Amino acid sequence: MNRRKFLGSIFQSSEGVSHSAASRGSTTGVDPYNGPWTKKQVAHLLRRTMFGAAYQDINYFLGKTLPQAVDELLTPGQPPAPPLNYYGQDSGAALGQTWVNASFDVSSNVNRALSLLAWCTRNMAKQARSIEEKMVLFWLNHFGTNIQVYVDARFGYKHVATIRQHCLGNFKDMVKAITLDPAMLRFLNGDRNTKNRPDENYARELFELFTIGKDGGQKYEESDVIEAARVLTGYRILSNSVTYTFDSSKHDTGNKQFSALFNYRTIAGKSGSAGQQELDELLDMIFQVNDTALFICRKLYRYFVYYEIDAQVEANVIVPMANVFRTSGYDIKAPLRLLFNSEHFFDDYNLGAVIKQPMDLLIGSLRETNAIMPSGSDFQAEYSIWQQFGLYGGTALQQLVLAPPTVAGWQPFHQEPNYHQLWISTVTLPLRNQFTDLLVYAGLNVGNSQLAVDTARWLEQYPNPDNVDKVIDEVIEHLLTHPLSSNHKILIRAAMLGGQSNPNVWTQLWNDYKNNPNNPNKKKAVTDRLKSVLKYITSLDEYQLS
Amino acid sequence: MKRRQFIKTSVPAVTVPLLLNGLRIRAFAESPQLEALTGARGNNDNVLVLIELNGGNDGLNTVLPLDQYSTMASLRSNVLIPENKVLPVNGYPGTGLHPSMSGIQQMFNEGKVRIVQSVGYPNPDFSHFRSMDIWTSASNSNEYLRTGWMGRYLNYEYPNYPYDYPNNVMPDPLAIQIGGINSPVFMGPYMNMSYALLLDENNQVQNYSFLNTIKDNYTVQKPFAKEVAYIRQVKKNTIELGNAVKNAYDKPVTQISYPDTDLANQLKIVARLIAGGLKTKIYWVSLFGFDTHASQVEDTDTTKGMHADLLQIFSDAVSAFHKDLQQLGLADRVISMTYSEFGRRIISNFSMGTDHGAAAPLFIFGNKVIPGILGNNPTLPANATVNDNLPMQYDFRSVYASILQDWLCVPKSDIDTVILLKNFQTLPLVQNSSCTAVSIRELNQSAGLNLISAYPNPFTTRTTIRYTTAGNHTLVEIYNPMGQQIKTLVEKDMAAGTYEVDFENEGFAEGTYYVRFQNGAVQQVKPLVIAK
């Protein structure tokens, strides 16, 4: 292909300029979706709410209605057992035991943090049929704290546990819990915030990043930040028990005066333990601001639908979501239920528009190919594999869980104007391909445990693995959001048939393997070709989209 | 369809940042175009290195106004640097540097540092994220621009990017940033203009060989098609520029030793790429962690702590970088410049730190700076309250304007109209002797095909747009500064040829608009400035 042609194929496919005119967007709103409920719609819902659409999950939800599916997805799974010592020496936890209740141990802390990372990664990969894990990651981004700064892995576990507890619960309760969360208290210096000369760090982000936001119509004042910082003076951390405490001698007992946005409200200063009531009053005040629900719903929309919000989407989707969020008393499930049942969510306009966040690419690839995952029988190997997966995948692809770059979280979730496009750069695009290559061709191996794609197992998910034409259609429909042209199918078919044209070549190869499942040569004859096929599909630009 | 060759080795060691050990992909086949790239280029091309100090650097503890030491002592006693520890600089007895900055002190005394006092903007914003957006987009405090100031500069310098790039005139990245996520400072009207680079764990530039897949055309204009196009453009950049970067990096060069810090390692890569002969004019590196609300200093020794560590990293890295450039014979071609989203509050807090502030000093380093300190020490109000901040002496866009004019050799009128969008004062920051009559600009600007132009530009009431179509469907449309389409001037099937169409100002606000041309596979975007 010459260069001009190559370029042409790029630009022909897009209007190029990053923002299309308002009139071209989607006009659908939150009326219930009444269209077809086929694999296409189920896969779309699952790709957005879980990490990839596992084939068996698609089949499962095909047997439900959309409202049933949404209700089930909005139900959390069983809480996972806490993370374990898989690494050996730890003053507070024997091998195979959890370290989360032990004392701080500086020499074990890095290993504990890696154990926590492994645990988070495994929870995502072994997720229940629930949106829970996707929401955990959403809130880990929303309340961006970095374990490299707050250091203590026990704080990290507590932080994740707090987020897990509230991720589909009441948002106001969650904000209060996070305000008093030891990891957050340390990360934004709430634990050093003292009367007379308060530290404004948490107060500012409470307004700007966690609740009201800065891009809406309602503006808080700089003085509100200073006054809120005064409200928040006095909270300290009890490191041994990983809890907060309130030291009223460090609390500013003067009155706090807020601006017009808060109707010039005064929070009366209180002494003694009553000083803690001021936090509740502050949160009441913040949650009476209209923009709080709008801000959170925009962020949910960007995460689950698309990052561009034009005037139509704002009016037809965001405002109704925010309304149900408010009237539900800030039940996080309420706007999500409205969104996922809506015709807007299933609007063809929004299909395949989300660039997979790295964890979506990595874990979704595993789940969609029904990959071999390490079991708990060798927990050391299991943790070791998930730790490597989370650490290298996260670092290289710029989404290290527990360590977003700033308190605002990962840039692709908030940086105008590019948002999700920032996941893809000249650094990360080759690495994204390398990671899927790694899964297809090598996997991660520790001892006898393995995290890898077995391509025969992948194909076995589908109804007609012995029928080359049927299975190609099935694979494309499953792994990609949009159909591919017949040119791709010709290539894939040729790879499966070894360059021949008779479809029986594949049928024979496959049946030969199925009749001799323990013969490594028969299996290799199949998987060699399937690896090429999967490599081809994961190399498509379209595979980066969800 | 060929399978890749994989050489499986052990699982990577725990400390490496990138999982690449498991995979070794065969190198690219050389492309003839890049084989032409031999030998380092002549020293006729100035380079600017941007150093982002992320988090908001405490200017008062970086460049200390010693003439107001007693006021500082009363306003920020718990973070105060002992007077006798402050590093003096030649010629400015009332000003000194943080004790960690001996490297920069030495450079200053050698005449290789320009410090600009109290750089900021009117109506400062105290949000990290908003204020950084203001600095990177060079907007007013109350204005939202979608493009970065460097993106606009690069779009001015290479107006057709990415169409027809790379090419023989510009075979290299327009800008290179160290890091995996593109900085908004390089956001251009069409896309981000920088090439992101990270080394692998063996300190090598990786070259991944993408599988060549069929590319379907998506004609329905919806987000899916837009994102596919974006990913394809990044892939194209990776393939076509990756080799140029790797070739430059792999050229044999002897560097001095750098400290083993993140910033020093980034600058070391930059020096090596410049020495390798890239035509790239802009580089970007970053150092995070300046948000020192708490523990900025140690309780027992205010010359130690988080801020001291950061300034040590900063000073030692910059010092090594410019020494390296000197011995590489590149020192006259390169300047580096810092920026941070804001300074910090005059009054310290009780967490041994400082909250978000406003104006702060900015550094420019290199042989060709006009040495010394520009501006006066900031004046600290003796009775300052927690609300008080340092007012700006210099608008940061004046600094940008001066660098653009005197180092990147952009005519002032173009700076005012298409890059910074307003007239900012020019400051004496760098020697402008390198901006001679012989400019590579013309070459750069005609490097791609010019299929659309406007005259006059800037304009007030009307401009005439001239475009060359290869025939068939042709589209000419106008976008406003927010990136919204406001006008379609031409949309029809036409015979091949050059045509003109007028664009009337129907009362549009001042600003940089864009005219976008689309003809079959080809598209171009050019700035169009409406002025009063």
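This note sets out numbered points on the predicted model, covering chain B as a whole, several helix pairs, and selected residues of both chains.

1. Conventions. The model is predicted, and local features are reported at pLDDT of at least 70, side-chain atom pairs at pLDDT 80 or more, whereas totals for chains, interfaces and linings use all residues. Residues are numbered from 1 along each chain as its sequence is written, while chains are lettered from A and ligands numbered from 1 in the order in which they are written.

2. Chain B overall. The secondary structure of chain B amounts to eleven helices and 19 strands, where helices (H or I, at least four residues) and strands (E, at least two) are DSSP runs numbered from the N terminus. Of the 532 residues in chain B, 54% are buried; a residue is buried if 20 or more other C-beta atoms lie within 10 Å of its own, exposed if 12 or fewer, and partly exposed in between, with C-beta atoms placed from the backbone. Among chain B contacts between residues at least 6 apart in sequence, 71% join residues at least 24 apart, a contact being a pair whose C-beta atoms, placed from the backbone, lie within 7 Å.

3. H7 and H8 of chain B. The axes of H7(B) (residues 262–275) and H8(B) (residues 306–327) come within 9 Å and cross at roughly 20°; axes are lines fitted to C-alpha atoms, for helices over the stretch in contact, and angles run from 0 to 180 degrees between N-to-C directions. H7(B) and H8(B) are therefore roughly parallel, given that angles under 35 degrees count as roughly parallel, over 145 as roughly antiparallel, 65 to 115 as roughly perpendicular and the rest as oblique. On the H7(B) side the contact is made by B:Leu263, B:Ala264, B:Leu267 and B:Ala271, and the residues of H8(B) include B:Ile313, B:Phe314 and B:Asp316. By class, this contact has ten nonpolar, no polar and two charged residues; Ala, Val, Leu, Ile, Met, Phe, Trp, Tyr, Cys and Pro count as nonpolar, Asp, Glu, Lys and Arg as charged, and the others, Gly among them, as polar.

4. H9 and H10 of chain B. The axes of H9(B) (residues 396–406) and H10(B) (residues 412–419) come within 9 Å and cross at roughly 130°, and the two helices are therefore oblique to each other. H9(B) passes H10(B) in a right-handed crossing. B:Ala401, B:Leu404 and B:Gln405 of H9(B) meet B:Lys412, B:Ile415 and B:Ile419 of H10(B), which by class gives four nonpolar, one polar and one charged residues.

5. H8 of chain A. H8(A) (residues 153–166) has 14 residues and reaches 20 Å from its first C-alpha to its last, close to the 20 Å expected at 1.5 Å a residue, the expected span being 1.5 Å times one less than the number of residues. Eleven of the 14 residues in H8(A) are buried, among them A:Phe155, A:Tyr157 and A:Ile163. What covers the buried residues of H8(A) includes helices H5 (109–125), H6 (132–142) and H9 (171–179) of chain A.

6. H9 and H13 of chain A. The axes of H9(A) and H13(A) (residues 277–287) come within 11 Å and cross at roughly 135°, an angle that makes H9(A) oblique to H13(A). A:Lys172, A:Val175, A:Lys176 and A:Thr179 of H9(A) meet A:Leu279, A:Leu283 and A:Phe287 of H13(A), and by class this contact has four nonpolar, one polar and two charged residues.

7. Backbone points to check. Most residues other than glycine have a negative phi, and most peptide bonds are trans. The peptide bond from B:Tyr165 to B:Pro166 is cis, with omega near -10°, and B:Pro166 is in the loop between helix H5 (149–157) and strand E6 (175–178) of chain B. A cis peptide bond also joins B:Tyr455 and B:Pro456, with omega about -5°. In chain A, A:Tyr264 has a positive phi of about 55° although it is not a glycine, and A:Tyr264 is exposed, with 9 other C-beta atoms within 10 Å. A:Tyr330 has a positive phi of about 70°, but A:Tyr330 counts as buried, with 20 C-beta neighbours inside 10 Å.

Methods
Two residues are in contact if their C-beta atoms, placed from the backbone, lie within 7 Å. A crossing is left-handed if the near helix is turned anticlockwise from the far one by less than a right angle, and right-handed if clockwise.
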